[in-house]
Amino acid sequence: MSQAVSYSVQDKIGVISVNNPPVNALAQRVREGILKSIQAAQRDDSEAVILACEGRTFIAGADITEFNKPPKEPGLPEVLSALENSSKPVIAAIHGTALGGGFEVALACHYRCAVASAKVGLPEVKLGLLPGAGGTQRLPRIAGVKAALDIITSGNPVPAGKAHDMGLVNEIIEGDLLEGARRYARDLVDSGAPLKRIRDVVIDPDTIEPGFFEQARKRVNARARGQIAPDRIVSCLEAAVSLPIDQALERERELFRELVTSPESAAMRHIFFAERQAAKIKGLPRETSQRDISQAAIIGGGTMGGGIAMCFANAGIPVILLEVSDEALDRGMKIIRKNYGITVKRGKLGEEDVKQRMGLITGTTDYADIAHADIVIEAVFENLELKKEIFAKLDQTCKPGAILATNTSYQDVDAIAAATGRPEDVLGTHFFSPANVMRLLEVVRGEKTADDALATAMRIGKRIGKVCALSGVCYGFIGNRMLTGYGREAQLLLLEGCTPQQVDSTLEQFGMAMGPVAMGDLAGLDVGYKARQSRGTTGDDPRPYAISTRLVESGRHGQKTGAGYYRYDSETRRRIPDPEVEAMIREEAEKFGIARREISAQEIIARCLYPLVNEGAKILEEGIAQRASDVDVVYVFGYAFPVAKGGPMFYADRVGLKRVYEQILEFQRQHGETNWRPANLLKELAESGGSFAEWDRRQA
Ligand code: 3H9
């Protein structure tokens, strides 16, 4: 028997115990161990068999690292058949998360019991896959087709209580899981309970409304952003209704094989590992000591500060919100309450939860009240002098060892740290708006930031539900620094011949959540306008700002004024192309002497995305980002880059760095030296036939 799985019998109840840390993934030795154990159970005097796991969780799925390698026997379906066809009842005993292949194992068992804190689910879609070991066939047989479709296409886990109500879990166990599972198994044996094989359930096609699958397909494809898995999941569920189980399982296998070799899934698996890798700081051992965080404080109760306070409250950490006046504080608290209200309306939170979370947020206007906070995050507007003033005050007020963080998007974290006598405690925490929704957190390491402060910030980021990526200090850090070229080229494309909808729809078809021009309208064109006014634009190339300046000066500030690059339907907010704007664009182009021309979708994509790649390479070269895969994480979680494309650096690897580099040289010849100066790293990798992925491996 393999070490990852052990089998023993006590009081005529067999227990198959999986022990494959960290998450009991179904590696080959686990599959083999389970198969041999269930075979052994057929021959011994056990009357029932429990399948349970050691460590922090039930089986959390297939071993994702095996997907790139040649398959090894036994395959998961073979193991599941052996469990399902056991002559003695098999009971899954679930704690932690039974996910993907793990939940499929549980569904092949005759009964499932779970502790109340457990969760079950089929998250394969998040890896560009579908459940490939019967999940699309067994789940609809017990949950119903509609519920199964929701669970499998969302990939979201279902808490044990709800799973019990839905019939996915037969018994909730109080107290010790294994003891409870033994009692449950004994009861089943004593009562002569049947061997419930989910595969034997037949779905009556008449229970499915006509057009159900067409509508489902339309719905999932409308929000797919380049992902193909949701569409294939619908096909599997259709097969669950229309085909006998063995043929339907074969169809599921076929579609699983298509997905597992697809570029979309490769990209999404890249992001899965990149996300986990990004949380690790090179050169910092896992055991680096960390500071205790049990009280947070936020300076500034605006949209950002309020959103950050919600993140802490959502994670159960008490947080004090500091504002300059009672009125400002009141306004901030009201916005938080309103945001929670929206979540309640959407059915994502109950009134009780909101009450409890609001109870964790207290307000003050007095710095003395935050003296005992373990972490303070400053979230006032972007003014370096103001930030320095605040940090000098924090230095005077906060207890020794408190982490002092700035939520700046652009300012120099080292200059802010220098305003204190303890720069080792200072770092950046760059949240993205809305902070309570967006997953990314850039953690910015100052020149003098202490290792334990940094390690604590990364851990607290994960605790409040963020995906963390480490950045060094530079203007705009990783994400916003890269964005400059993306926005600039979108604007230049307008002057050169594109319409706003042409630029936006091309990038949206590529998979971006929203095109760059429409994004400007959403953010408000006046924001950049005011910033340019206060900075003065002398010396800058005026072309990338010409159109938006003209729009703002004619009262078109974007969605909030009902018009920007587009006009907006006042009810639906649908964007409507506006010939008036197109005329303005033509006039601006003429002023600059730019001859307008037809521009292909291919050029739009290269012009907008290659600056991300090129700047990303410079950021790597300078050591601002630790890894190319971290840059991908920043773009997928902070800027809605399509996960099915794996982030800009992964995408560039796919296109081929030689091709990307040569195209950049061509753009440099056409559009000028500065904007398109290729990064040395890109040149080096392109010329040596390398890739960013390989560079990451070399640097690891
Ligand atoms: C599948 O099952 C296909 C089947 O339908 C069909 C087959 C035929 N494999 O996330 P964490 C690693 S597809 C390999 O930080 P947490 C992870 O990389 C799979 N490795 O912990 C990390 O490594 P490291 C469907 C895995 O407590 C370490 O474990 N299942 C796997 O925050 C800790 O992970 C899923 O998609 C894996 N399956 O969260 C579930 N899972 O320490 C994927 C994790 O070196 N997993 N690792 O960086 C998760 O969602 C979370 O890991 C989980 C724990 C919630 C379980």
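I count a residue as exposed when its relative accessible area is over 50%. The model is a predicted one.

**Entry 1**

I placed Arg 573 in the loop between strand E18 (567–568) and strand E19 (575–576). Its phi is positive, about 65°, although Arg 573 is not a glycine.

Arg 225 has a positive phi of about 45° and is not a glycine either. I located Arg 225 in the loop between H8 and H9. Its relative accessible area is 34%, so I wrote it down as partly exposed.

I also checked cis peptide bonds. One joins Pro 21 and Pro 22, with omega at about 5°. Pro 22 lies in the loop between E2 and helix H1 (28–43). Another cis bond runs from Ser 433 to Pro 434, with omega near -10°. I traced Pro 434 to the loop between strand E15 (426–431) and strand E16 (440–444).

**Entry 2. Strand E3**

I asked how many of the six residues of strand E3 (residues 48–53) are buried. The count is six of the six, so the strand is largely enclosed by the rest of the structure. I then sorted the residues by face. Ala 48, Ile 50 and Ala 52 are buried on one side, and Val 49, Leu 51 and Cys 53 are buried on the other, so both faces of E3 are covered.

For the pairing, I found that E3 runs parallel to strand E2 (residues 13–18), with six bridges between the two. In this pair, Cys 53 of E3 has Val 18 opposite.

**Entry 3. The sheet E5-E7-E8**

I followed an open sheet of three strands, ordered E5-E7-E8, with mixed pairing. Strand E5 (97–99) and strand E8 (158–159) are the edge strands; each has a single partner strand, so one side of each has no neighbour in the sheet. E5 pairs with strand E7 (residues 119–121) in the parallel sense, over three bridges.

**Entry 4. Helix H5 and what surrounds it**

I went on to helix H5 (residues 145–154), where seven of the 10 residues are buried, so H5 is largely enclosed by the rest of the structure. I listed the buried ones as Val 145, Ala 147, Ala 148, Leu 149, Ile 151, Ile 152 and Thr 153. What do the buried residues of H5 pack against? I found helix H4 (135–143), E8, helix H8 (212–222) and H9. Just after H5, Gly 155 has a positive phi of about 75°.

I looked at one residue of helix H9 (residues 229–242), namely Asp 231. Its relative accessible area is 14%, and I noted Asp 231 as buried. Setting aside neighbours within four places in sequence, I found Asp 231 in contact with Arg 217, Val 220 and Asn 221.

**Entry 5. Two helix pairs**

The crossing of H13 past H14 is right-handed. From H13, I noted Met 333, Ile 336, Arg 337, Tyr 340 and Val 344, which meet Glu 351, Val 354, Arg 357 and Met 358 of H14. By class, this contact has six nonpolar, no polar and three charged residues.

The other pair was helix H22 (residues 543–553) and helix H23 (residues 579–591), whose axes come within 10 Å and cross at roughly 130°. I therefore recorded H22 and H23 as oblique to each other. Their crossing is right-handed. H22 contributes Ala 546, Ile 547, Arg 550 and Leu 551 to the contact, and H23 contributes Val 581, Met 584, Ile 585, Glu 587, Glu 588 and Lys 591. I sorted the contact of H22 with H23 into six nonpolar, no polar and four charged residues.

Note on methods:
Residues are numbered from 1 along each chain as its sequence is written. This is a predicted model: local features need pLDDT of at least 70, side-chain atom pairs count only at pLDDT 80 or more; totals for chains, interfaces and linings use all residues. Side-chain values use heavy atoms; hydrogens and water are left out. Axes are lines fitted to C-alpha atoms, for helices over the stretch in contact, and angles run from 0 to 180 degrees between N-to-C directions. Helices (H or I, at least four residues) and strands (E, at least two) are DSSP runs, numbered from the N terminus. Angles under 35 degrees count as roughly parallel, over 145 as roughly antiparallel, 65 to 115 as roughly perpendicular and the rest as oblique. A crossing is left-handed if the near helix is turned anticlockwise from the far one by less than a right angle, and right-handed if clockwise. Contact means heavy atoms within 4.5 Å. Ala, Val, Leu, Ile, Met, Phe, Trp, Tyr, Cys and Pro count as nonpolar, Asp, Glu, Lys and Arg as charged, and the others, Gly among them, as polar. Buried means under 20% relative accessible area, exposed over 50%, partly exposed in between (1.4 Å probe, protein chains only). Two strands pair if DSSP finds at least two bridges between them.
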